[in-house]
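The following exercises concern one protein structure. Please work through each task before reading its solution.

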There are 2 protein chains.
Amino acid sequence: MAAERRGAVTISQVAKEAGVARSSVSRAYTRPAMLSRETVERIKAAAEKLGYVPNHTARALSTGRYGNVALIVPDVANPFFPPMIRAAQVEADRSDFCVFLGNSDEDPEKEDQLLGRFSGQVEGIVLASPRLSDERIAAHALLRPLVLINRDVKGIPKVLIDSGTGIAEATKHLADLGHRNIVYVSGPSTSWSNKQRRAAVRKASQKLGLELSFVSASVPSFDAGLQAVDAILAKGATAAIAFDDVTAQGILVGLSARGVSVPREFSVVGCDDALGPLTVPSLTTVSSRSIEAGKLAISLLMEVLQSQAVRDASYVLETHLIIRSTTDKAPRSR
Amino acid sequence: MAAERRGAVTISQVAKEAGVARSSVSRAYTRPAMLSRETVERIKAAAEKLGYVPNHTARALSTGRYGNVALIVPDVANPFFPPMIRAAQVEADRSDFCVFLGNSDEDPEKEDQLLGRFSGQVEGIVLASPRLSDERIAAHALLRPLVLINRDVKGIPKVLIDSGTGIAEATKHLADLGHRNIVYVSGPSTSWSNKQRRAAVRKASQKLGLELSFVSASVPSFDAGLQAVDAILAKGATAAIAFDDVTAQGILVGLSARGVSVPREFSVVGCDDALGPLTVPSLTTVSSRSIEAGKLAISLLMEVLQSQAVRDASYVLETHLIIRSTTDKAPRSR
DNA sequence: AGTTGACGTGCAACCGGTTGCACAGCATAG
DNA sequence: CTATGCTGTGCAACCGGTTGCACGTCAACT
């Protein structure tokens, strides 16, 4: 057959096989219209026979186009991200790009490092829910085209999931059910989404005359939710809105462990619809649109790469409340 | 302060500035011992002054060392994989490698494509739970160092999570609880893990004199589990062992929707411990060790890259049963 | 003093593609 | 029948590094 000797088939081997110059092989792939139909066919046939695959690295060297983009997320294991990652990957694939995935472990410094390491080998970067400072983000954006998800830094293109609308609906929903005293369980302090959600719940509570208090779960995780339960109950509230679904699930399990029945005695609302109907009882939450966000971020990045001009574009995706089974009428007394 | 976007500083500029040959600049970075202390310093100073950063891509082209590895999984969104991905990434980082992540969507053909696309820009590949045929895997292994997770192809290094031991324990556990008729809900037919688990449950059932039947959920997902419930109940069994936790969770929710109480009326066992204590009731399952597998696979790959010799190494990780709350005594009658 | 060899450096070929330019062949226009 | 213009192809330089080999220098050893 073909394709032995330490790795891949090169353009030269294909050229020899097809009896043409190397440049023609190259053109058969990059500008087939420049060649006669016949020649292109012959070259493709030879390539096929030998199992030729163009070498991205070599191409990148001469064109400056790497054909790679990077996606950096704070935590792959957080169910909010995998669907986004997948969508981004599919979208990148459509433009024939490969994706580097980086995981910052919710650590700004690690994020900074990853950005540095990647920027030498990709054409552009999508930074999802960054924990990094605005200044550092802006600095990196100078070196490489950058698109943000859920972060608003001036002059940098971004996709924002506006959970504010959904959170407002959630607050209203709780008020309608008779809750007068609620808790917002906040996420990472450097998270734009957290700030936004916090602000939205505060504003809506004021408007509706609800008593609102805060409990902090600095990292969005099941355990953080679990550990926040005592603090939540101490506030004397009858309902909680959590930063995200994962935290909410921790709260759910923590409440159950303390014998507090949901939704009879206590209502819980999540955010991001990352768990779907998987919890028991199934979680009332705010839709997330993370799939669209991933897709959009990549296509935005592709646009930026095409047009060179760094457009200061923003896409805002609105959200809404999804009512399932963890919210119900406020209990009579507490 | 040179070095803006396009016109990055090259080795030639540094060479000129320092008054040496390009090769010396190169050596100042790769083999400083070959040069006199003085020359190295002069070069480094010039580089610093111009803001030189070595070009990763160019280096890769001439050395064949890309500094990248790829990790391909069937489904990022399946909770079994993210911890593994993270562990792999951390381990790769230790050797200063970047990770490309590929998602095959459980599709052998997509997997084949990804392998082809990546192999041009990485030094080695870790293929987790592949759905591809042995032949294709072997073919790719010829082109690039390859390490498998949960797949046994002769002559290719691999990390296997032996869920057989855990599954055997699970079967015994059910038998001890008085179950006489159980179901194994199988996963993807091309999955090595599935074959292994299926074989283990069959063997243990025979030994213990249990009646065993099979229901197939071709893709391991929540929905597939949900949809398998009718078939499971039709078998007249009192307990089910599912291919994985995600499927088990679907089964759990499906049973609950049909008013079947777990574990009072029906027992369920998952596999992979991907969900931890997150389900309600919390799932009895088989430990997975996916984190170790990810880490091990990368370090194995690094060894292979170092030693060139393609060692036919296998690591086998044993598993055991984790008893939580979805298994209990078999009901009196059914 | 003449050899030897280690050391430091430069030359030039390569890695696998891309691309500006030259040129041959042929059809059409003058 | 010669000018003109296209079309299709090849040549060779280039992208930014790495590396085998050759060469010059100088100290140490016969």
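## Exercise 1: Two helices of chain B

Task: Determine at what angle helix H1 (residues 11-18) of chain B and H2(B) pack.

Solution. The helices H1(B) and H2(B) pack at about 105°, and their axes are 8 Å apart. Helices are DSSP runs (H or I, at least four residues), numbered from the N terminus. Axes are lines fitted to C-alpha atoms, for helices over the stretch in contact, and angles run from 0 to 180 degrees between N-to-C directions. H1(B) and H2(B) are therefore roughly perpendicular, a term for angles of 65 to 115 degrees. Next, consider the contact (heavy atoms within 4.5 Å). From H1(B), Ile11(B), Ser12(B), Val14(B) and Ala15(B) meet Arg22(B), Val25(B) and Ser26(B) of H2(B). By class, these residues are four nonpolar, two polar and one charged. Here Ala, Val, Leu, Ile, Met, Phe, Trp, Tyr, Cys and Pro count as nonpolar, Asp, Glu, Lys and Arg as charged, and the others, Gly among them, as polar.

The model is predicted: local features need pLDDT of at least 70 and side-chain atom pairs pLDDT 80 or more, while totals for chains, interfaces and linings use all residues. Residues are numbered from 1 along each chain as its sequence is written, chains are lettered from A and ligands numbered from 1 in the order written, and side-chain values use heavy atoms, without hydrogens and water.

## Exercise 2: The next helix pair

Task: Describe how the axes of H2(B) and H3(B) cross.

Solution. The axes of H2 (residues 22-30) and H3 (residues 37-50) of chain B come within 10 Å and cross at roughly 95°. That makes H2(B) roughly perpendicular to H3(B). On the H2(B) side, Ser24(B), Val25(B), Ala28(B) and Tyr29(B) meet Ile43(B), Lys44(B) and Ala47(B) of H3(B). The contact residues comprise five nonpolar, one polar and one charged.

## Exercise 3: A residue in chain A

Solution. Leu252(A) belongs to helix H11 (residues 245-257) of chain A.

How values were computed:
Parallel < 35°, antiparallel > 145°, perpendicular 65-115°, else oblique.
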